[in-house]
2 protein chains.
Amino acid sequence: MTKTDLSDRSKAATSDSIAHALSLAIHEHRILPGTKLVEDELAEIYGVSRTVIRAALHSLSHIQLIEIRRNKGASVASPSLKEAHEVFEARELLEPRTAFSAAQLATSEDIARLERHIEDEHAALAAADPGRALYLSGLFHNDIAHIANQSTIAGFIETLVARSSLIIALYWRRESALCEKHAHHALVKSIADGNGSQAEELMRSHLVDLHSALDLKERSGRVLSLKDALAQ
Amino acid sequence: MTKTDLSDRSKAATSDSIAHALSLAIHEHRILPGTKLVEDELAEIYGVSRTVIRAALHSLSHIQLIEIRRNKGASVASPSLKEAHEVFEARELLEPRTAFSAAQLATSEDIARLERHIEDEHAALAAADPGRALYLSGLFHNDIAHIANQSTIAGFIETLVARSSLIIALYWRRESALCEKHAHHALVKSIADGNGSQAEELMRSHLVDLHSALDLKERSGRVLSLKDALAQ
DNA sequence: GAACACATAATTGTATACAATACAAGTATC
DNA sequence: GATACTTGTATTGTATACAATTATGTGTTC
């Protein structure tokens with residue numbers, strides 16, 4: 001795949017589309033924590049000027065997916081262990097509530113979408129694409145927050161899920177992610193049944209489960225070249 | 001006060017300092033919801049190019065203090081009534097928890113700072129500067145979140161407090177803000193006593209109180225000229 | 001060979017120029 | 001007189017040029 005393919009892919013890349021593409025790449029662990037994001041390099045990759053790259057990078061820094069240090073540039077954030085715990089504590093505070101509300105508000109359409117997420121996630125795992133599975137699993141949580149019709153809290157959860165992806169890249173312990181599938185399935189079932197307090201409790205235990213699957217050890221963190229990582 | 005005074009005030013204005021100045025002006029209701037923020041105008045006021053103004057505006061838009069619409073520019077956000085309720089619901093979910101933790105972690109230094117906030121707020125009210133009093137009251141809440149040593153959640157609360165200021169500008173019903181002073185005093189006392197569950201409960205009822213002081217009616221919303229509003 | 005100073009390159013920060021878009025006012029046409 | 005069209009102005013979007021800062025490499029000295 002050539003450079004032209006990248007820059008012409010979507011006719012004119014906006015800062016939003018670039019931020020989204022980078023975010024996706026980070027979510028899917030194609031770009032790992034610590035990777036330097038050089039403006040010129042990205043500008044050439046996406047076929048725009050540094051101006052729009054800078055806007056995209058600033059967006060991502062506001063949700064703490066990347067870190068910008070003055071005169072030093074941007075790199076993919078690597079949350080400390082304290083931050084990692086904080087993120088999951090915040091999720092344990094917010095998400096059980098959204099699961100409760102979602103159970104009361106979900107339409108059959110919502111349920112279908114949630115089930116589709118689970119299927120897609122399963123397919124990604126089957127296709128040996130754990131990065132994509134992780135991304136889809138995040139979408140699942142975001143979707144529940146949106147079903148709960150609390151866009152403010154949903155926004156917070158979105159950033160927490162995004163940072164969770166970084167945290168998982170750094171501190172994940174378990175090998176198999178299959179544990180999640182059951183949890184998500186059970187959650188959807190209780191939401192479909194309109195059983196709010198059960199959904200709340202399932203979400204809480206699911207998050208505690210994820211939280212406890214983190215470990216102190218730092219991951220190796222080999223870093224791909226930017227161009228390869230973004231050439232999807 | 002001349003234009004030069006403004007642009008030379010802090011030698012070289014950075015996008016951060018400008019974002020902070022604008023944020024303060026919005027907090028203190030010197031700039032009201034709906035006000036258009038024109039880049040050229042701000043660039044001249046602060047003596048920098050549009051480039052740095054744009055960065056500042058984007059920061060503020062990420063915490064939803066202002067709204068940027070493509071090719072339409074920025075204006076101070078005016079949250080809908082639904083958003084207003086959401087913000088306070090989110091605060092009712094997060095802040096009682098931080099109050100609880102703060103009660104367990106606060107040092108005597110922290111307590112002193114909280115008491116100083118209350119005094120400053122009282123002084124601002126006495127000086128017939130309700131905007132500043134509101135800002136200081138927000139700082140009080142942010143401070144508690146920081147004392148709780150949960151920087152992730154503290155960040156969320158900061159944005160919620162900021163948006164609360166917009167909401168109060170639009171939907172405030174009561175005349176006197178004195179009700180708050182007692183609530184804040186009692187909160188500090190229970191935090192100083194290390195009584196977590198009492199602090200938690202006081203915070204919850206304080207927020208419910210604030211929430212219930214909102215009303216449907218829209219406020220008049222006369223808008224100052226930008227230059228006057230920012231010439232402090 | 002290690003530590004330092006200095007020159008050079010790479011990268012980010014800011015200002016400015018120009019292009020694209022939106023808004024308003026006026027003009028023509030029916 | 002109402003509507004559609006055109007033109008002009010204000011404002012934002014993007015690219016580029018240059019300044020400021022940081023990183024890198026090379027020699028020199030001990």
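Which helix of chain A and which helix of chain B each supply at least two residues of the surface near DNA strand C? Helix H3 (39-46) of chain A does, together with helix H4 (50-62) of chain B. The points below start from there. Note that this is a predicted model.

1. **DNA strand C.** 15 residues surround DNA strand C. The closest are Glu39(A) and Gly73(A) from one chain, and Ser49(B), Thr51(B) and Asn71(B) from the other. H4(B) provides the largest share of this surface, 3 residues. By class, the surface near DNA strand C has 3 nonpolar, 7 polar and 5 charged residues.

2. **DNA strand D.** Three elements each supply at least two residues of the surface near DNA strand D: H4 of chain A, and helix H3 (39-46) and strand E3 (73-76) of chain B. The largest share is that of H4(A), with 3 residues. The surface near DNA strand D divides into 4 nonpolar, 7 polar and 5 charged residues.

3. **How the copies are related.** Chain A can be laid on chain B by a turn of 180° and a shift of 0.1 Å along the axis, and the RMSD is 0.0 Å. The two copies are thus related as by a two-fold rotation axis.

4. **Where the copies meet.** On each side of the contact between chain A and chain B there are 15 residues. On chain A, helix H4 (50-62), helix H5 (81-105) and helix H8 (151-171) each supply at least two residues of the side that touches chain B. H5(A) gives the most, with 7 residues. The side of chain A that touches chain B holds 7 nonpolar, 5 polar and 3 charged residues. Do the copies meet through the same surface or through different ones? Of the interface residues of chain A, 100% are also interface residues in chain B, so the copies meet through the same surface.

5. **H6 against H7 in chain A.** Helix H6 (residues 108-126) of chain A packs on H7(A) at an angle of about 170°, with their axes 8 Å apart. That makes H6(A) roughly antiparallel to H7(A). Their crossing is left-handed. On the H6(A) side the contact uses Asp110(A), Arg113(A), Leu114(A), His117(A), Ile118(A), Asp120(A), Glu121(A), Ala124(A) and Leu125(A). The residues they meet in H7(A) include Pro130(A), Arg132(A), Leu136(A), Phe140(A), Asp143(A) and Ile147(A). The contact of H6(A) with H7(A) divides into 10 nonpolar, 2 polar and 6 charged residues.

6. **H7 against H8 in chain A.** The axes of helix H7 (residues 130-147) of chain A and H8(A) come within 9 Å and cross at roughly 165°. H7(A) and H8(A) are therefore roughly antiparallel to each other. The crossing of H7(A) and H8(A) is right-handed. From H7(A), the contact takes in Leu134(A), Gly138(A), His141(A), Asn142(A), Ala145(A) and His146(A). From H8(A), the residues include Ile153(A), Ala154(A), Ile157(A), Glu158(A), Val161(A) and Ile168(A). This contact of H7(A) with H8(A) has 7 nonpolar, 6 polar and 1 charged by class.

7. **H2 against H8 in chain B.** Helix H2 (residues 15-27) of chain B and helix H8 (residues 151-171) of chain B pack at an angle of about 45°, and their axes are 9 Å apart. H2(B) and H8(B) are therefore oblique to each other. Ser23(B), Ile26(B) and His27(B) of H2(B) meet Ala162(B), Ser165(B) and Leu166(B) of H8(B). The contact of H2(B) with H8(B) has 3 nonpolar, 3 polar and no charged residues.

8. **What to look at again.** Start with helix H4 of chain A. H4(A) gives the largest share of the surface near DNA strand D. Helix H4 (50-62) of chain A is also among the helices that each supply at least two residues of the side touching chain B. Then turn to H8(A). Helix H8 (151-171) of chain A is another of those helices on the side touching chain B, and H8(A) is roughly antiparallel to H7(A).

Definitions and conventions. Residues numbered from 1 in each chain as written. Chains lettered and ligands numbered in written order. Predicted model: local features only at pLDDT ≥ 70, side-chain atom pairs only at ≥ 80, totals over all residues. Contact = placed C-beta atoms within 7 Å. Helix = DSSP H or I, 4+ residues; strand = E, 2+ residues; numbered from the N terminus. Nonpolar A, V, L, I, M, F, W, Y, C, P; charged D, E, K, R; others polar. Least-squares fit on C-alpha atoms with pLDDT ≥ 70 in both. Axes fitted to C-alpha atoms, helices over the stretch in contact; angles between N-to-C directions. Parallel < 35°, antiparallel > 145°, perpendicular 65-115°, else oblique. Left-handed = near helix turned anticlockwise from the far one by under 90°. Near = placed C-beta within 6 Å.
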